[in-house]
Amino acid sequence: MKLYLALILLLPLAGGLINALIGRMLPRKVGETIACGVIWGAFSCALLAYTNFTAPVTAEYGSWLSTFDFKAPIALYLDQFSLILTLMITFVCGLIHLYSVGYMGEEASHARYFALLNLFVFAMLVLVLAANLPLLYLGWEGVGFCSYALIGFWYTEEKNATAGRKAFIVTRIGDTAFGIAIIWMFLLFGTQSIAELNFLAPLAPPGVITVLGILLLIGAAGKSAQLPLSVWLPDAMAGPTPVSAQIHAATMVTAGVYLLARMFPLIGSSPTTLAAIAVTGGATAFYAATCACAQRDLKRILAYSTISQIGYMILGVGAGALTAAGFHLLTHAFFKALLFLGAGCVITALHHQQDIFRMGGLRGKLPAVYWPFLAGVLCLAGFPLSGGFFSKDAILGAVFERGGSLYTSLFLLGLLTALLTAFYTFRMLFIVFHGEADNANHQENGERTLPLVMTITLVPLAILGLGGGVLNLPAYLGEGLLARFFGSIPGFGAMHSSHMEELILQGIAAAVSLLGLGLAWQRYMGVQRSGVLAREQAGSKLFIFLQNGWYLDELYRLLFIRPFVRLARFLWKGVDETAIDGALEGLARLMGRLALLPSAWSTGKVATSLFGLAGGVAAILAYCAWALS
Amino acid sequence: MEQIIFYILAIVTLIATVLAISEKHPVHAILYLVTSLFAMAVIFYLFMAPLVAAFEVILYAGAIMVLFLFVIMMLDLGHPEKGLSPHWKEWLPSLLLAGISIASLTIVTVSRHASSIVSPVSLPIREVAKRLFQEHGLAVELISLQLLFALVGALYLGKQSSPSPPLRPPSASERRAGGEEK
Amino acid sequence: MIVPLEHILVLAGLLFFLGMAGLLTWRANMIMMLVCIEVMLNAVMLVAVGGSARWGNADGQLFAIFIMALTSSEVSLALAMVVYLHRRKRTVDTDLFSELKG
């Protein structure tokens, strides 16, 4: 077990290092094979670990940080939750790596790409498997760095580099809060081990727990793009599409959910924190869903849908339904990876065209993409009996079970969000794949044929996404696999509700989803289609408001960036250049002027020296006369 | 009687000196200075120093002043209209310094209690010579060496070794740059 | 001794500082500067001779003679230098010789 765990981590690291150090010298095929091979190797190790898994284990490999009381060994902790996540990460990332081989087939700097991609997986696995918070933070920052480098992968364009920086800086806000929380927890409990922290949690005063929970929530919000730190994710679409898939589906954005779920025994005892988490999740889900309804960039729609779905997971954590949140995390990973990879196929086929209004009618031209994409859409929209349906419903059910006015209203908000989700998902599908083709666009370019490896990777994801519900069936259909598997972890206790209630809730959810489908169908498939599309392209006020993400970016610019820039300019121009430089230059000028006074006497002329001599004689004699008389 | 002669000679010396240093024409100035030196020589004689008085006339008024005249004529400097003489304003700072110095010196000198007039002691030349060569032999040798050096230096400076620069008055840039050119 | 020593000193001082004033003022003509230096040296000689007469000591006279010898060598060198400098710049204006400027 210890060996498997080490290999799970070391293989991606080794792959990343090989590609980073000597990747440029290796033939392209070798580099790609190594990059994909190590991930699949890690997946095999994870599978072996799964078959050998009996009880949670902690494996310590060596000492990392050790100063006085502060101890952070290189220790890995494997329990059911991290095991399932490791399986999911290695599997989905393996598929994304394969897909990248096709997608980045014409990219020159493939070594850099695959090195960063492998390191990304390594960092995420460190994050998931870490047994103590400093190690988790290492993975956390590693994920942040790799996402920064990959989002700005095509850094020669200013826009992409800016997007990378934005992702880095915004997540850094959350990371700071998380770092503060880590240090505080060490001061409070004197330990950094996650298991010990969760065990010692009841000893801390409730107020402190609340503040710690809020700090962790801010950290999670930064990584998982929750309100109000959600602004970086839509811009992160500047990176290559497989990178977007990896960030959204498997690695980066789920880190926040994982952190909250992992620390749930610590923070779960504070109702205030839970309410804050739930409100953040619910509000984010609703906000992102509204924004997604108005986007016209295919990848931005998916980005907002990710924010929305992560919001659901956070809402689930806030409701205490960790199993449901983890379940949704899994299914979301499958169908979101599927959607992104499908979108990547579409974009590649259309020569990097991302505007959905320039697409249309692709169903006949790209059937190999259409059917898996449809599966992903069904899951995202929560279409009955798909994986997304069960997982989303589990969360909503848990929120409803929680009761109270706050959670009830959050449940209603969640239902509304589900409606919006179904609407924008099918809107995307209908606009992109149905209707008339935008002939002007297509005829001049023609579709590119897709590499087989790109379309084939969609199939297993589609199957897993659609059939993901089997993993955790509701109680009335027999006990869920995941619920049983997770049951023994502290905090993952099963929710109990009557079968009748659950059936009714699922009925409501199915109805909502179908209602969204109907609305989208009526709007985009009927006779009105061309008129609606023309109106949406023109853009009404509300439409533009939503398209710009409620002007959240502008709000940031107004509240933070502009005052900061102004302050920086003041410090630069006013303080640095005027005051400090001015004072120094003034002093130098004054000294120069003063130096000119004596230097005026060194003319090199005889007369000047003589005057000095005579002056001295006169002074001495005058002193003598004054002293004697 | 001798006191009166001394004061008359002192006044002559002062007036001749003032005229010498304020005269615009160099040749005239030299002549005034010769006058001053003659008066000074007489003062020396009054002070029982006939040897010094004789040297004053022979060396100073005779040799050195003639040398001055030679150089003035050789370099053709006897033209006060060329504007070489100082403006009267230029006298003010130097006269101020000189006035301060003289006033201070007078105060210092006079504030000492006046010394009584002692009868002059005659110093025969023989005694002076004995003293010179017996006690100050080294100084005599040094002076003779110094004269030799002066001779060599004057010969060296006077030798026209370097090609003479073009005959033109110094331009403004040269006035500013000083001696950059060699 | 026919007059008090103070009178001789005052006379010598007057001569010396007159020479000095001339030296400071006549910067435009090196010959005149040398003339003024002669005046100053003369004043020094007067002090030496006066002292010699006051105390009946031959050393003062001897120093006057030394000064004279010194003056003659100084003048010969200085005038040679004037000729040399005049040959270089066609002028005896000392303000035009500022090679000593740092």
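Trainee: In chain C, in which helix is confidence lowest, and in which is it highest?

Mentor: This is a predicted model, in which local features need pLDDT of at least 70, side-chain atom pairs count only at pLDDT 80 or more, and totals for chains, interfaces and linings use all residues. Residues are numbered from 1 along each chain as its sequence is written, with chains lettered from A and ligands numbered from 1 in the order in which they are written. Helices are DSSP runs of H or I with at least four residues, numbered from the N terminus, and pLDDT is the predictor's confidence in each residue, from 0 to 100. The lowest mean, 89, belongs to helix H3 (residues 58-89) of chain C, and the highest, 91, to helix H1 (residues 5-25) of chain C.

Trainee: How many residues of chain C are in contact with chain A?

Mentor: Two residues are in contact if their C-beta atoms, placed from the backbone, lie within 7 Å. On the chain A side there are nine such residues, and on the chain C side 11.

Trainee: Which residues of H27(A) are buried?

Mentor: Buried means that 20 or more other C-beta atoms lie within 10 Å of the residue's own, with C-beta atoms placed from the backbone. The cover over these residues includes helix H4 (88-111) of chain B together with H1 of chain C. The buried residues are A:Ala607, A:Ala614, A:Ala618 and A:Leu621.

Trainee: How far apart are the end C-alpha atoms over residues 31-50 of chain C?

Mentor: An unreviewed UniProt entry lists residues 31-50 of chain C among its "transmembrane region" features; such annotations may be inferred rather than shown by experiment. This stretch is 100% helix and 0% strand, and its end C-alpha atoms are apart by 29 Å.

Note on methods
Helices (H or I, at least four residues) and strands (E, at least two) are DSSP runs, numbered from the N terminus. A residue is buried if 20 or more other C-beta atoms lie within 10 Å of its own, exposed if 12 or fewer, and partly exposed in between; C-beta atoms are placed from the backbone.
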